[in-house]
Amino acid sequence: MRKYGKRTVWLLAAVVLTALTLRPVPIRAAVSRVEDQADLLTAEEESALTRQIDQMEEAWKQAFVIVTTQDAQGKDSEAYADDFYDSHGYGENGVLYLIDLDNGQIWISTAGAMIRFLTDARIEKVLDAGYEELRAGQYALGLERMLDATEEFLEEGIPAENYRFDPETGNVERYRSLKMAEILIAAAAGLAAGGILFFSVRSRYRRKSGSVPYPFRSQGTLTLTRQEDHFVNQVVTRRHIPKSPPSSGGGSSVHRSSGGVRHGGGGRSL
């Protein structure tokens with residue numbers, strides 16, 4: 001009986017330990033990247049677009065989302081696309097392609113790093129890539145070609161002299177990058193200039209032997225003057241002057257969604 005009791009105790013301890021170790025882990029459901037609310041795609045087309053998006057996200061670490069709708073909830077296409085992206089947890093960096101049958105528009109909304117990659121001019125070219133197919137009702141083919149065009153621009157990288165322009169405030173944020181050749185040339189020029197300055201100063205102040213005392217008491221002078229300023233009055237007039245975007249290419253116009261998130265984007269009528 002004593003041996004049987006010890007075996008039971010050990011068995012119960014093992015069961016408890018196993019239960020504690022193998023606690024169920026909650027599984028986070030994947031967020032769908034193709035939201036065909038307007039039912040414009042077949043099941044096969046939706047699966048094919050999802051596979052294409054999965055490959056792009058694996059390669060580029062950005063979010064790519066497709067949304068179709070017949071009810072924009074009283075919003076225009078820009079607001080609907082931005083709010084949809086913000087509210088579904090797609091991540092900081094990504095792009096959303098919206099087919100909005102309610103407003104009769106195609107819209108592209110960019111966020112984070114994709115604002116840099118998809119400039120205003122590039123968004124127009126992405127829309128061009130699938131526009132005729134979308135107007136003809138070949139939605140899957142049009143979206144596929146828009147995704148292809150987006151990936152081509154990702155491969156090209158962020159364009160030189162890229163900037164983000166906020167039409168509400170007139171602020172311009174420029175993106176500058178240096179090529180390896182430019183870095184090496186700048187480093188060599190800096191070393192050469194530093195070396196010339198160093199040896200020039202060294203040769204100028206070097207003396208063969210000893211030192212020459214400087215008669216600072218007889219040669220030094222100090223003059224003090226008194227000056228007073230009296231503040232009388234100040235009138236400041238402020239007026240907001242809307243600015244235009246820079247004339248150089250490669251820019252991305254940005255705005256803020258209803259949630260305060262900054263987005264780029266563009267679209268056109270179907």
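Helices (H or I, at least four residues) and strands (E, at least two) are DSSP runs, numbered from the N terminus. By this assignment Ser77 lies in helix H3, which covers residues 77-87. The model is predicted, so that local features need pLDDT of at least 70 and side-chain atom pairs count only at pLDDT 80 or more, while totals for chains, interfaces and linings use all residues. Residues are numbered from 1 along each chain as its sequence is written, and side-chain values use heavy atoms, with hydrogens and water left out.

Burial is expressed as relative accessible area: buried means under 20%, exposed over 50%, and partly exposed in between (1.4 Å probe, protein chains only). Ser77 counts as buried because its relative accessibility is 1%. Contact is defined as heavy atoms within 4.5 Å. When residues up to four places away in sequence are not counted, Ser77 touches Leu98, Asp100, Asn103, Gln105 and Trp107. With Gln105 there is also a side-chain to side-chain polar contact of 3.1 Å. A polar contact is a pair of N or O atoms within 3.5 Å; within protein, one must be able to donate a hydrogen and the other to accept it, and residues adjacent in sequence count only if both atoms are side-chain atoms.

Besides Ser77, the buried residues of H3 include Tyr80, Ala81, Asp82, Asp83, Phe84 and Tyr85. The buried residues of this helix pack against strands S1 (34-36), S2 (63-69), S3 (94-100), S4 (105-111), S7 (251-256) and S8 (262-269). Just after H3, Gly89 has a positive phi of about 65°.

His255 is found in strand S7. With a relative accessible area of 13%, His255 is buried. The side chains of His255 and Asp82 are joined by a polar contact of 2.6 Å. These two residues are 173 residues apart along the chain, and their C-alpha atoms are separated by 9.9 Å. Neighbours within four places in sequence aside, His255 is in contact with Glu78, Asp82, Val261, Arg262, His263 and Gly264.

Two aromatic pairs are present in the structure. In Tyr80 and Phe84, which form a tilted pair, the centres are 6.0 Å apart and the planes are at 35°. Rings of Phe, Tyr and Trp (its six-membered ring) pair if their centres lie within 6.5 Å; planes under 30 degrees apart count as stacked, over 60 as edge-to-face and the rest as tilted. Tyr80 and Phe84 are four residues apart in H3, about one turn of the helix. Tyr85 and Tyr90 also form a tilted pair, because their planes stand at 45°, with the ring centres 5.5 Å apart. Both Tyr85 and Tyr90 are buried.

A nonpolar core is a set of buried Ala, Val, Leu, Ile, Met, Phe, Trp, Tyr and Cys residues joined through side-chain atoms within 4.5 Å. The largest such core has 30 residues, of which Phe64, Ile66, Tyr97, Ile108, Val126, Leu143 and Met146 touch the most other members. Two or more residues each come from helix H2 (43-60), S2, S3, S4, helix H4 (113-117), helix H5 (120-135) and helix H6 (139-156). H6 gives the most to this core, with eight residues. Neighbours within four places in sequence aside, Met146 is in contact with Tyr97, Ile106, Ile108, Val126, Leu127, Gly130 and Leu134.
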